[in-house]
Amino acid sequence: MGISDYDMTIKNHQFRIAELIYETAQHQLATRKAQIQIAEFGIEIARLNSHIQVLETTLAAMSGELHALRIDTQ
């Protein structure tokens, strides 16, 4: 006895549902990976901003020292 059209339709729908669940999981994984990458970029930006602030402070101090040297030599 073969499979009925009704049973075949149900099996096809079940297979399509499984495909959609898999595709959804793949999209969710890609979303999570993108969120992780965005967070890593945020951390890197914060680290670079910290370095920039250190460099700005160092440059300001060196500028002040240079100004003082110019005044001393005049």
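A salt bridge here is a side-chain nitrogen of Lys or Arg within 4 Å of a carboxyl oxygen of Asp or Glu.

The model is predicted, so local features need pLDDT of at least 70 and side-chain atom pairs count only at pLDDT 80 or more, while totals for chains, interfaces and linings use all residues. Residues are numbered from 1 along each chain as its sequence is written, and side-chain values use heavy atoms, with hydrogens and water left out.

**Stop 1: the whole chain**

Show the chain as a cartoon. Along the principal axes, the C-alpha atoms fill a box of roughly 110 × 10 × 10 Å.

**Stop 2: the surface**

Switch to a surface view. The chain exposes about 7000 Å², with carbon and sulfur atoms supplying 64% of it (Shrake-Rupley method, 1.4 Å probe). Of the 74 residues, 0% count as buried. Buried means under 20% relative accessible area, exposed over 50%, and partly exposed in between, with a 1.4 Å probe and protein chains only.

**Stop 3: Arg16, Glu19 and Glu23**

Select these three residues and show their side chains; they are linked in a network of salt bridges. Between Arg16 and Glu19, the closest N and O atoms are 3.1 Å apart. The two residues lie three apart in helix 1 (residues 5-73), which separates them by about one helical turn. Arg16 also meets Glu23 in a salt bridge, at 3.7 Å from N to O. Arg16 is partly exposed at 38% relative accessible area; Glu19 is partly exposed at 30%, and Glu23 is partly exposed at 35%.

**Stop 4: Arg47 and Glu44**

Move on to Arg47 and Glu44. Their salt bridge has its closest N and O atoms 2.5 Å apart. This pair is three residues apart in helix 1, a separation of about one helical turn. Arg47 is partly exposed, with 40% relative accessible area, and Glu44 is partly exposed, with 33%.

Key: Helices (H or I, at least four residues) and strands (E, at least two) are DSSP runs, numbered from the N terminus.
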